[in-house]
Every structure is written in C-alpha cells, then in structure tokens.
Amino acid sequence: MKPAIARSSITPRFSETPAIARRLLEERIARRLLAGVLTASLVPLFAILIYLVWQAAPMLSWGFLVESPRDGMRSGGLWPALLGTLYLVGAALAVATPVGILASVYLNEYARPGRFSRIVNLAVINLAGVPSIVHALFGLGAFVAFAGFGRSILAASLTLAVMSLPVIIASTTEALKSVPQSFREASWNLGATRWQTTRHIVLPNALPGIFTGIILMVSRTAGETAPVLFTGAVFYKSIAGGDLFAYNLLDQCMALSVHLFTVSTQVPNVPEALPYAIAVVLVATVLGVNALSIALRVYLRSRKNW
Amino acid sequence: MNCIEVDGLNLWYGAFQALRKVSVRIRARQITALIGPSGCGKSTLLRTFNRISQRDPAVRVEGSVRILGEEIFSPEVSLIALRRAVGMVFQRPNPLPISIFENVAFGLRIHEPDTPVDAAVEEALTAVGLWEDLRFRLHSPATELALEQQQRLCIARLLPLKPEIILLDEPCSALDAQATLAIEQLLGRLAAEYSIVIVTHSMAQARRVSAECFFMLLGEVVEHGPTEQLFTNPRDARTGDYIAGRFG
C-alpha cells in the first residue's frame with residue numbers, strides 16, 4: 001500500500017523566498033547589463049565599417065584597384081600603394097616569420113630555464129611595446145644609412161620585420177608552451193635529439209598557435225605608417241597599373257597607409273570619397289590576409305591529433 | 001647474468017637526498033619489481049637507468065651505474081644510444097600525437113632514417129597483441145585509442161629498436177583491473193626476450209609479475225630477494241610491516 005501523503009501537505013521547502021527573488025532580480029540585471037556592454041562595444045566597430053563603405057562607395061570599382069593615381073592623386077586608382085603594401089608586408093613576413101619562430105624554438109626547447117631566458121623573455125615583451133616611430137628611427141639609422149640600402153622596400157620591410165619580431169616570438173612561445181611536456185618526454189625517451197623532437201613532434205603541434213601570431217603581425221604591419229614613411233615609402237610613384245612585378249626590392253614604393261595620410265592631409269581638392277575608398281582597401285587587405293591565415297589555421301587544427 | 005649493476009649511488013634534488021648509497025644487481029631476462037611507499041626513491045632509481053632524471057638541472061648524482069657492463073655516467077656515453085637500449089614506459093600512456101603506425105615507426109625513423117619500417121611495425125604490434133585489432137586502422141590517431149591500447153602501444157613503440165632493457169614506471173596505475181591483468185600477461189611474455197624493471201605501488205602486482213623484488217624506503221634499498229621469499233618470509237621488520245599493510 002502506498003503511503004497516503006496528500007500533495008498539499010508537503011511543506012513548501014523549495015518555494016521562492018524573498019531572498020531568492022532578490023538574487024534572481026540581480027541575475028536578470030547582470031545578464032542585461034553584460035549583453036548591453038557587449039553590444040555597445042560592437043556598435044562602433046560595425047559603425048566604422050559601414051560608414052567607411054558608405055562614404056567610399058562612389059569611388060570603389062575594379063579600376064580603382066588596378067590603376068595608378070591621376071590628376072595629382074585626385075582621381076584614378078591606388079595600384080602602386082596597394083602593391084607597395086603587399087610587397088612591404090610580404091617581405092617583412094618572409095624575414096620575421098622564420099627568424100621569430102627559430103629564435104623562439106631556441107628559447108623554449110634549448111635554453112635552460114634560468115636567469116638568461118627570463119631576461120630574454122622580459123626583453124621581448126618590452127620590445128613589443130616600443131612605439132613604432134622609435135622603430136622607424138632605428139630603421140632609418142640601421143638599414144637606410146648604416147647598411148646602405150637607402151630608402152627602399154628592403155629597408156622598410158626590414159624595419160617592419162624588426163618591429164614585428166617580438167610579437168612573433170611571444171606568440172610562438174605561447175604556442176610551444178601549449179604542447180604537452182609528455183610528448184617531448186616520450187620522444188626523448190626513444191632517443192630522439194632535441195631537434196628531432198622539435199621538428200617532428202613539437203612544431204607540427206604548435207603550428208596553429210604560431211599562425212595566430214603571424215595574423216597579429218600582418219594586421220599590425222599593414223597599417224603602420226611611421227616606419228615606412230621614414231624608410232622607403234614615397235608620396236607618389238608611377239608604375240604600370242595591374243603589374244604585379246612593378247617594384248624591385250631596392251625601389252621606393254607607395255604604401256596604402258602613407259597614401260591615405262597624404263591624400264587626406266597634403267593634397268587640396270580631393271574628392272570626398274577618395275580617402276574613404278583608400279581606407280576601405282586598406283581594411284579589406286588586412287582582413288583578406290587574416291581570413292587566409294585563419295583558414296590555414298583551421299585546416300591545420302583539424303589535422304591535429306589530440 | 002646481471003643487466004644492471006648499481007654501486008653506491010647517491011642522488012640529490014637540490015639539497016634533498018633522494019637515493020642513499022643504493023647498490024643493486026638486476027638480472028637479465030626476467031621481471032624485477034621495485035616497491036616501496038610514495039617518495040621512497042623507486043621511480044628516481046628507475047629514471048637514473050636511462051639518465052632521464054638528469055634532464056632536471058637540480059639533480060646531482062654520485063656513484064656507479066653499469067648497464068650491460070658499461071658505466072653510464074662516463075663522459076663517452078651517448079644519451080641517444082643509451083635511451084635506445086633502455087626504453088621507458090610511463091604511468092600515464094603517452095602516445096605521440098601522430099598515427100598508430102607512426103608511433104611505432106618513430107624510433108626507427110629517428111635512429112635509422114633509411115630502414116624500411118613496415119615489417120618492424122607489424123612485428124612490434126603483434127608482440128603486444130594489438131596487430132589483429134588495429135591492422136585496418138593503423139593510420140588513425142594514436143590518441144584516440146582506449147587507455148589500455150595506448151599503454152600497449154607505448155610498449156610496442158620501444159620494440160623496433162630492440163632495446164636491452166624496458167623500464168616501466170607504474171604502467172598500470174591509469175588502467176582498470178582487467179586492463180592491468182592484460183598488461184601484466186604481456187609483460188610476462190616479453191620477459192622471455194627483454195630485461196624488465198617495473199616500479200609499482202601495488203604489492204599485489206609486484207607479487208603477480210616479478211621474479212625478484214627490491215623494497216625501498218627513504219631512498220635506501222632495505223631488502224631484496226626472490227619475490228616469493230620477500231613476501232612470505234621478509235628478513236627485515238620494515239619490509240614485513242610494509243607488505244602487511246601497516247604503513248605506506
């Protein structure tokens with residue numbers, strides 16, 4: 001026989017008391033407030049993008065991308081600047097990526113933990129915080145004058161590379177640290193050397209993280225103005241529109257960031273849409289390179305086995 | 001015949017002395033167990049046999065360890081060659097984050113890049129009883145295997161290098177009872193060809209698998225002898241207390 005307890009006779013021990021009601025109210029307020037703050041921080045981001053594209057719309061066309069500027073920069077396209085930025089970022093990437101990764105591998109996989117590696121790590125972090133105009137001055141002295149490259153794509157991209165090295169080293173270090181120590185131990189215990197362990201086990205597993213650092217670097221260097229202005233970018237340079245190989249490493253070049261600066265501040269009577277169009281192309285270039293790296297990173301991560 | 005001979009081995013982690021005047025003889029082609037409570041130095045002793053313990057810069061050793069008659073602390077010894085001959089299996093299975101096949105082939109690939117590996121991989125996986133189960137999925141990630149299979153794989157990974165000695169550091173502590181039994185049976189089979197040293201916190205396991213047993217306490221070897229004798233008729237009172245479960 002079932003115990004005959006009527007539902008109504010159960011004491012309401014799980015019902016909502018005033019104290020609980022107050023906490024639930026706090027909870028609702030917190031949720032709305034946090035969502036509101038997130039929205040508020042996203043609004044400017046999209047507002048900027050929409051405003052830029054809106055203002056730039058009259059100028060944007062395929063011709064704008066692949067033609068040279070005309071009429072004292074007041075019409076035509078921005079091909080020399082776009083190509084210049086691609087060259088600068090590409091060359092900086094080609095130098096900074098291998099150097100940064102290998103330096104970080106030494107620091108993490110070879111150097112004994114101790115005072116030396118602590119000091120180097122501290123130096124790297126501080127170097128990442130040095131303002132870009134200081135790097136610009138260093139580049140002017142070291143690459144343009146001392147090394148004798150003159151004001152050129154080479155000097156400018158080396159300056160950008162030096163500027164982005166700390167970012168790459170720091171992010172590669174993070175990526176290497178995230179590879180479990182047990183993988184290294186397993187490899188060492190089979191008699192693998194440090195290099196074999198690094199090459200076959202550690203690096204492949206750190207690649208996705210390393211790419212994050214490279215993405216950061218691309219975003220930063222593509223937009224830099226001061227370092228390239230000091231070391232290799234010029235006001236105007238005429239090259240064949242649409243020609244991918246129009247620059248040589250010892251040439252000076254135009255760059256999107258510098259072009260935006262000159263058109264906005266140094267050239268009178270430019271069409272209102274022009275600076276916005278340049279900005280849109282600059283943003284699109286950075287986003288495009290980022291999208292490519294992110295796709296690569298997702299692909300690499302999907303091949304990761306743990 | 002002895003495969004490992006240790007004389008007067010002292011080892012310090014910084015100021016802490018983890019091994020005190022340890023002298024042992026470990027015989028070839030059988031299973032030798034190192035037992036004792038946590039912190040007694042049994043793992044430390046095991047990890048000196050392939051000098052993996054010396055990766056820690058705070059570690060200092062003194063004394064003599066001879067493996068197959070050769071002094072391993074002498075400056076001519078190559079750690080790469082030593083670790084090839086003296087393989088180790090860890091407490092948590094640690095397959096490399098590559099395929100099953102590549103895990104087993106890894107040792108050969110790093111030591112002898114030009115040797116064909118297929119036959120050696122099949123032989124090693126057969127020896128640990130994985131070949132039949134895994135032969136059609138050799139190229140899937142090793143980290144997706146069940147824990148017992150991972151631990152078998154970690155043993156198989158050593159075999160293509162034809163090691164002289166296999167060291168196991170509590171190899172079953174992450175496994176359930178059935179998997180533990182299966183690994184123990186595997187070790188029993190391997191003991192015909194390899195010298196095996198196993199560290200275990202389980203006295204029952206030591207008793208099941210080993211032919212000879214060393215009991216350690218506070219960095220010293222208290223007693224050693226044939227396993228059955230050590231368990232049924234310990235000479236030292238501390239050994240008796242430990243195996244009776246009065247401490248540890």
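A disulfide is a pair of cysteine sulfur atoms within 2.5 Å. This is a predicted model: local features need pLDDT of at least 70, side-chain atom pairs count only at pLDDT 80 or more, and totals for chains, interfaces and linings use all residues. Residues are numbered from 1 along each chain as its sequence is written, chains are lettered from A and ligands numbered from 1 in the order in which they are written, and side-chain values use heavy atoms, with hydrogens and water left out.

**View 1. Two cysteines of chain B without a disulfide.**
B:Cys154 is in no disulfide either; the nearest cysteine sulfur, that of B:Cys172, lies 12 Å away. B:Cys40 is buried, at 2% relative accessible area. Buried means under 20% relative accessible area, exposed means over 50%, and partly exposed is in between (1.4 Å probe, protein chains only). B:Cys154 is also buried, at 1%.

**View 2. Helix H3 of chain B, largely enclosed.**
Helices (H or I, at least four residues) and strands (E, at least two) are DSSP runs, numbered from the N terminus. H3 of chain B spans residues 100-111. Ten of its twelve residues are buried, so the rest of the structure largely encloses this helix. Among the buried ones are B:Phe101, B:Val104, B:Phe106, B:Leu108 and B:His111. What covers them? The cover includes helices from both chains: H7 (181-189) and H8 (194-223) of chain A, with H2 (79-85), H4 (118-127), H5 (131-134) and H6 (147-156) of chain B.

**View 3. Where chain B meets chain A.**
How many residues are in contact here? On chain B, 22 residues are in contact with 19 residues of chain A. Contact means heavy atoms within 4.5 Å. The two chains bury about 1,900 Å² between them, 62% of it on carbon and sulfur atoms. Buried area is the accessible area (1.4 Å probe) that two parts lose on being put together, summed over both. In chain B, B:Arg55, B:Pro97 and B:Ile110 lose the most area to chain A, together 31% of what that side buries.

**View 4. Polar contacts across the interface.**
The rule finds three residue pairs in polar contact between chain B and chain A (both at pLDDT 80 or more). A polar contact is a pair of N or O atoms within 3.5 Å; within protein, one must be able to donate a hydrogen and the other to accept it, and residues adjacent in sequence count only if both atoms are side-chain atoms. H2 and H3 of chain B each supply at least two residues of the side that touches chain A. The largest share, three residues, comes from H3(B).
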